[in-house]
Amino acid sequence: MFHNEYLKTLEAALKEAAPDSKARHVKRYLADCEAVLKSRHLALTGARPPEGVQPLQAGARGAEVCAAYTLVIDGLLEALFKTQYEQTGCSDPAALVAIGGYGRGELNIRSDIDLMLLYRGRMTPAIEGLNRALLYVLWDTGLDLGFSIRSIDESIALAKDDMKTMTALLDRRFLLGDKALFDEFERAAVKKLFSGSRVNDFIKSKLDENSERRAKFGGSVYTLEPNVKEGEGGLRDMHTAAWVVKAKNTGLPPALDMRGLNPFKGQAVPIPAMAGGLLSEKEQATLRDSLDFILWVRNDLHFSTNRKTDQLTFDHQERISATLGFESAKHALPVELFMQQYYRHASNVDHYCALILSRCLHRDRKKSFFWPSKKIKIDKDFEISDSRLTLRNKETKSIDGLTAIRAFDYAQSFDVEPDQPLKDAILSFAEGCGALQRSGADEWRSSENVAESFIKILKGPNCYRTLAAMHELKFLDAYIPEFAAITCKTQHDLYHVYTVDVHTLFAVREIEMLGGQVEGEFSLLAGICGELTNRAALMLAVLLHDTGKAEGKGHALKGAVMSGHICRRLHMPDDDAALVEFLIRNHLILADTAQYRDLHDEKLIVEFAKKVGDAERLGMLYLLTFADVRAVGPDVWNQWKGALFQELYFKASTVLERGTFEIEDAGAKLKRTQDKTVELLAPSGIMRDYVEEFFQLLPQRYFLANSADTIAGHIKTVRDLSAESKPAERVQPYVMSVRQDKAREYTEFVICTHDVHGLFSMITGVMAANSVNILGAQVNTLKNGICLDVLQVTNPMGGLITDEHKLRRIESDLAGVITGKLKVAALVHKHRKPSILDMKAKPRVPTRVQIDNDASDAYTVVDIKTHNRIGLLYDITSTLSRLGLYIYISKISTKGDEAADIFYVKDIFGQKIFYKEKLRDIADTVYGVLTGIEGAQSSK
């Protein structure tokens, strides 16, 4: 091994060095060895990846570096133990034992080094002196050391009461000292710890602990910033499987012996969980390579931070992707390609460790009483036995595609799980499909019988659970290769919490839950779903809606094209295939229209309804949009979005029901609204003349967009501002009313004051200074110079603003800004100080500014997407104000750290902006402010 020369130098130095200087020599030895390991870590390697995974471009295999570092520490301890043993004159039997990751020979750089000094009987002065001498040096080396000193009896007694200690003993490894003492300790552990009912108790504890840990660290392989050790698909999954296998099969297996091992010459540390025929040779190779990759990543995290770091944060993801030489591809960023590879390896670890546990525990699975003890025959191939779906011929090891999909069909229909041998047969078939395709023997994908079972699964109950099982056993990827292309595919942002395949399956689950779990919460959607006449088409569209992301931008169109090929393989009728294609092609338009366009523009609503075509398609598009948004992440859906989607659905339904795509005559509606408003205001003493005058002060659009109740409230607010309605000394610079919309979960501010240029920018600045999140705004300027601004807002957590102190502070700041006593820029600047969370590394969102003059007949629409930050809305609105623009409608949306802000504007003369030079100036100026680059081009 490479460290032998360094070790000889250390041994000589320790013999001659004074006690106070020994740690200095140890540190030099460690630094020299770690430098070599780091260079090996970053050197080119020929690591063999799992099927479908790119090879490592840099670094020695992770397990090699871990094993080599383990031997480096072994050498250090051997030199130190011998020296201290001799110098202390200790002659009592003692053994130095490695436990934990160090005992497994899986020691990452900067990881804990757990040691136990074992002795017989009672502690003697000689043993105590040896312990003190060892620790005197080791504590000053900078190693993260866990050190215990125990007798055999103490170790056994502690392990009986402490599951952590009992677990550590499974990974023990003799290092130095009295081997006979260590052997005696092993015999005692087998007899007193790993026998009888203690084994079952231990296994149950480990499985419970495993479930709790996985839930704590995200509950998914596909978290945005995975923990490479404790997260799902991390190293701890392998440790748990190994512990259960050791305890279940052998009680206490022979201790690992690493003497004479050279990891850099292909001498790998054995993994006990892979023994006993639980995995095939191919499965072992795949699992070992995936463990290698994750160990490499963990080593790199520790090398780069010089400490134990297990969180693969965004900054580390970008750094490692560069280290490994990933380059931008046509459809993905380097960091997305790296994370796709990481998730593939992590999902392999998750899958094969679960497989090890299942196969290990399956051998002694007890009968269930759900089904009768007798076997229930289904057909010539399948039966139900002990509440499991199983193959009737127990000697069957290989099956075809039709048999595999019928297994999922029956599992869904009878609500049972396939047993492990059947799962193994399905997995074996799925993994062999690549070879079948290359040989041209993949006609099963176009089989009508296979398609019939698949469509039945889409229509049936527990569709999500069945599709998830198909995905887990790689059958879904084999059957629909287009879906395989999005498996483990990531999007490097804070909005998309899950990989594309997991998000898609979660969307299927959202549709399914409308039939039960969330039916009461979303009764309208549940009703639409319950009336579906073509459930299979909807579920297929949900399953395939993001397949186009494998091809990059424009995924809706690309996915629609893919769906045509898939539907033909599934032998779907032309009408059903056209419906699936329509839903996928248009699966973004309902959400985009509702969130980013003016829903009070009747022309927009008519054009949307015309594009959808009929009520059935509208209902299915609404369901798909709901599922798509809800499945993005736990905090993406909110009542505000839900209200916008529902409003668009109802308005489009109205257009479709009247059977014409002509814009409705507004005269009759305006008359009805005016009469109702007069009726509502009569008890307040506001007469018809006042109402009729108000109806002349605002454009027709305002009265068509608001109900009579809302208009009546606004009239009262405007009257309250009027100096004629109160004594002169009580005249206020503005009036603000607050309404809590509990159903939609937002607070509404109505702010009425005399109009000044840049007023909306002032208001947004005050809101930013008070941590108020603006969802939407409507700016209404009366012909008499009064401005009526309506804002839908929430607190920073997305809830109602009910704190009276905060509301008073907002009113005070508004009064100060409107009267000129406070400078809004100073208020915003004071609030801009970033929190510790804002300073955390995150993916950057590219800035985009686009001008749309086609979306509205009356307004120019400024469409902005950029990185969200404190005071962003103020910066945008103040810039638009400086450009001489007046904002009439604002729609604000955030996706993770991306802000999507839409502004409907006019010029100083109340007209749309048509001049190309002016439009370009608007886009470039806003872009420059947002990026900090004056004179920048918005097209960048």
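Student: Where is the place of L822?

Tutor: Helices (H or I, at least four residues) and strands (E, at least two) are DSSP runs, numbered from the N terminus. In this predicted model, L822 sits in the loop between α35 (804–819) and α36 (824–831). Residues are numbered from 1 along each chain as its sequence is written, and side-chain values use heavy atoms, with hydrogens and water left out. Because the model is predicted, local features need pLDDT of at least 70 and side-chain atom pairs count only at pLDDT 80 or more, while totals for chains, interfaces and linings use all residues.

Student: Does one call L822 buried, partly exposed or exposed, and what does L822 touch?

Tutor: Buried means under 20% relative accessible area, exposed over 50%, and partly exposed in between (1.4 Å probe, protein chains only). L822 has 33% relative accessibility and so counts as partly exposed. A contact means heavy atoms within 4.5 Å. Not counting residues up to four places away in sequence, L822 touches D813, G816, V817 and L827. The C-alpha atoms of L822 and S812, ten residues apart along the chain, are separated by 10.0 Å.

Student: How many helices and strands does the protein have, and how many of its residues are buried?

Tutor: The protein has 38 helices and 16 strands. Of its 940 residues, 55% count as buried. Its C-alpha atoms fill a box of roughly 110 × 75 × 50 Å, taken along the principal axes. Among contacts between residues at least 6 apart in sequence, 71% join residues at least 24 apart.

Student: Which residues touch the most other members of the largest nonpolar core?

Tutor: In soluble globular proteins, nonpolar side chains tend to be buried together. A nonpolar core is a set of buried Ala, Val, Leu, Ile, Met, Phe, Trp, Tyr and Cys residues joined through side-chain atoms within 4.5 Å. The largest core here has 170 residues, of which F454, L467, F475 and Y479 touch the most other members. Its largest share, 14 residues, comes from helix α13 (residues 334–362). Apart from this core lies another, of 47 residues, among them A769, I801, L919 and Y927. The contacts of F475, leaving out residues up to four places away in sequence, include G401, F408, W444 and M470.

Student: Where does L337 lie?

Tutor: L337 lies in helix α13 and is buried, with a relative accessible area of 14%. Leaving aside neighbours within four places in sequence, L337 is in contact with F326, E327, A329 and A332. L337 and C488 are 151 residues apart in sequence and 9.7 Å apart in space, C-alpha to C-alpha.

Student: How many disulfides does the structure hold?

Tutor: A disulfide is a covalent bond between the sulfur atoms of two cysteines. The test used here is a pair of cysteine sulfur atoms within 2.5 Å. The structure holds zero disulfides. For C360, the nearest cysteine sulfur, that of C353, is 12 Å away; C360 is buried, with a relative accessible area of 1%. For C488, the nearest cysteine sulfur is also that of C353, 15 Å away, and C488 counts as buried at 1% relative accessibility.

Student: What is the phi of C488, and where is its place?

Tutor: Phi of C488 is near 65°, a positive value in a residue other than glycine. C488 has its place in the loop between α20 (481–484) and α21 (500–513). S387, which is not a glycine, has a positive phi of about 60°. S387 is found in the loop between β6 (382–385) and β7 (388–391) and is buried, with a relative accessible area of 10%.
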